[in-house]
Amino acid sequence: MQVSSASSSRYYMLGLIAVVGLGVLVYLFGGSAYSQFIGWVYDGQKMFHGEMTDNLSKFADSASGATAWAVVLGSFLYGVFHAAGPGHGKVILSTYLLAQPHEVKKSVYMSAAASILQGIVAVALVYGLFYVFGLVTKETKAAVTWSERLAFAMVMGIGVILIWRAIKGFGWVGKKAHAHHDAHAHSHDHGHTHSHSHNHNHDHGHKHEHAHSHSHAHAHDHGHHHDENGVCSTCGHAHVPSAEQVGQATDWRTIVGIIFSIGLRPCSGAVLVLVFAKFAGIPFAGVMSVFAISIGTAITVSTLAILSVQARKLAVSLLDGAVGKADAIGNGIALVGGAVLILLGYGLMQTTFDAPIRSMGL
Amino acid sequence: MQDGLTRSLPIASDMKRLIRNTLCSATVLFALLPSSAWAHPHEFVTMQVRVVFNDEGQITKFRYNWVFDEFFSAYAVEGQDKNANGKAEQEETDAVLAEILGNIQKIQYFTKLETEGLAPVIVKAKAVGSTMLDRKLSITYDVPFKSAFDVKGRALKYAVYDPEFYIAMEHKDAGQGVILENAPKNCSWELGEPTPSEEIEEFASSLGREDTGTPDLGASFAEWVSITCK
């Protein structure tokens, strides 16, 4: 266990050095490479946008299996690429995933749910309000704005929750828990690293046969992860919950909050696709396109989510190796993450009141 | 058996770990990239600018022709589609043009002017015409100068861009972007390609503002046109 932990952080170290080296190269050969990169991103977005308008126009001119397929495929690729661009959703999700320990699987579900919800909200706001209340898109602006405000308020709320958890974790409220909590998290982290290296073996072994010792290690890790209460009642003095326990108890609410804070803000690209499809008399193709975009987005966002979960492990393991106290480090990250979300939510909220001229002011 | 298997493939598993950890570090750095890396326009305009000279060889106005992308065109026209027949009639596109001009007057029709000394002052625009062609809305309008501008001896530079870069505005390709009308001989124009690197440093301070847009992100993508007469 000691050995695997040490070698694991050695590889984290190597990986970090590789990336920092790359960063230094980019910095040295500097501005031009960077602006080329920006230009490349912009060209890509322009190209995919052009593809989308072409495909939907062709479908409007002559609906066929081939043109429908082109719409779906083009939209999917647009989603994948477009999601690589900015978006408050990605900042929220990656900040949250960096700030709290999570399982990879859960982070993927969250990404997928948020992306699909974004599609549903776009359809509901553009088509729902049109077909039910007869409002044209221009008139739905107020609804979109309020949906956004709700989303941004939730961003700030999640920031507050993260900070609250960090404060509890630091033991700034309820000193008694502090000592116990420290020890607890420490052992947890060790178990974590342990499971990491074994998991790997497990994968290999799985293809062949179930080695007894390995399934045991695996089960042990799982038990440790989920049976936090069991472990602690053995310790016998857990009167104040640890940050992670607080985290798990309120987790599903936070997760729903995250999903809605992302999903309630329809992507402008999807809204425009729906308006175009409606105007061209092919509303169903618009819905198809939007959900293809959502699926594409889900893939990119999931990738980012997985990397965020792993990056957290990396950071904690590196810092733990250097200074110990994984628990304090985790709480520190949560504190910073919470502050980032509150600032982001506040900044975004302001833009809904003081919007620059968009869409020619229409 | 399993341990033997892994031990016999140490390089493969080391590589895997190295790759994974590199990716993880990359994510962190990636997240720290300034938002300029994510130029993010949602609407596109293709422009043709007609620079109109008077008989004294002075510039009196710009005549803009803007063609919007299909998505924005549908959005714009839908709002004026009073009879809701899904078609864009002449009165409807004209109404869109009038509304746009009213809305963007306060930002000088996205126009920036530069020259030695005092730059010309833009006054209220006049609508010229509008059409819907191939699902694209095309609007034409005049942007007059308060007083005619003499180009002799000093170049006039202009750019038309959305600072927020929500709308990407580009000149038409293949030398069609600018037309000098009634210009004296020896007058010419030149379109400079955008130079993002100059503004890059400003973006570094704009982390986390990706959705609000960097105040001057559009500037880095602006096409500056220089008009000179010898």
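A nonpolar core is here a set of buried Ala, Val, Leu, Ile, Met, Phe, Trp, Tyr and Cys residues joined through side-chain atoms within 4.5 Å. In this predicted model, the largest such core has 73 residues. The residues with the most contacts inside this core are A:M360, B:F62, B:W66 and B:Y141. Helix α10 of chain A, spanning residues 268-279, gives the most to the core, contributing 9 residues. Apart from this core lies another, of 31 residues, which includes A:A83, A:I258, A:A305 and A:V309. In soluble globular proteins, nonpolar side chains tend to be buried together.

In chain A, helix α2 (residues 65-82) packs against helix α11 (residues 283-323) at an angle of about 35°, and the axes of the two helices are 6 Å apart. The crossing of α2(A) with α11(A) is right-handed. On the α2(A) side, the contact is formed by A:A68, A:V71, A:V72, A:S75, A:F76, A:Y78, A:G79 and A:V80. These residues meet A:A285, A:M288, A:S289, A:A292, A:I293, A:I295, A:G296, A:T297, A:I299 and A:T300 in α11(A). By class, 12 nonpolar and 6 polar residues make up the contact of α2(A) with α11(A), and no charged residues take part.

The secondary structure of chain B comprises 5 helices and 10 strands. Of the 230 residues in chain B, 48% are buried. Among contacts in this chain with a separation of 6 or more, 72% are between residues 24 or more positions apart.

The structure holds 1 disulfide over all chains, and this bond joins B:C187 to B:C229, with an S to S distance of 1.9 Å. The torsion about the S-S bond is about 110°, and the disulfide is therefore right-handed. Because B:C187 lies in strand β9 (residues 187-192) of chain B and B:C229 in strand β10 (residues 224-229) of chain B, the pair ties together parts that are 42 residues apart in sequence. Both B:C187 and B:C229 are buried.

Key
Residues numbered from 1 in each chain as written. Chains lettered and ligands numbered in written order. Predicted model: local features only at pLDDT ≥ 70, side-chain atom pairs only at ≥ 80, totals over all residues. Heavy atoms only, no water. Disulfide = S-S within 2.5 Å. Helix = DSSP H or I, 4+ residues; strand = E, 2+ residues; numbered from the N terminus. Buried < 20%, exposed > 50% of the residue type's maximum accessible area, 1.4 Å probe, protein only. Axes fitted to C-alpha atoms, helices over the stretch in contact; angles between N-to-C directions. Left-handed = near helix turned anticlockwise from the far one by under 90°. Contact = heavy atoms within 4.5 Å. Nonpolar A, V, L, I, M, F, W, Y, C, P; charged D, E, K, R; others polar.
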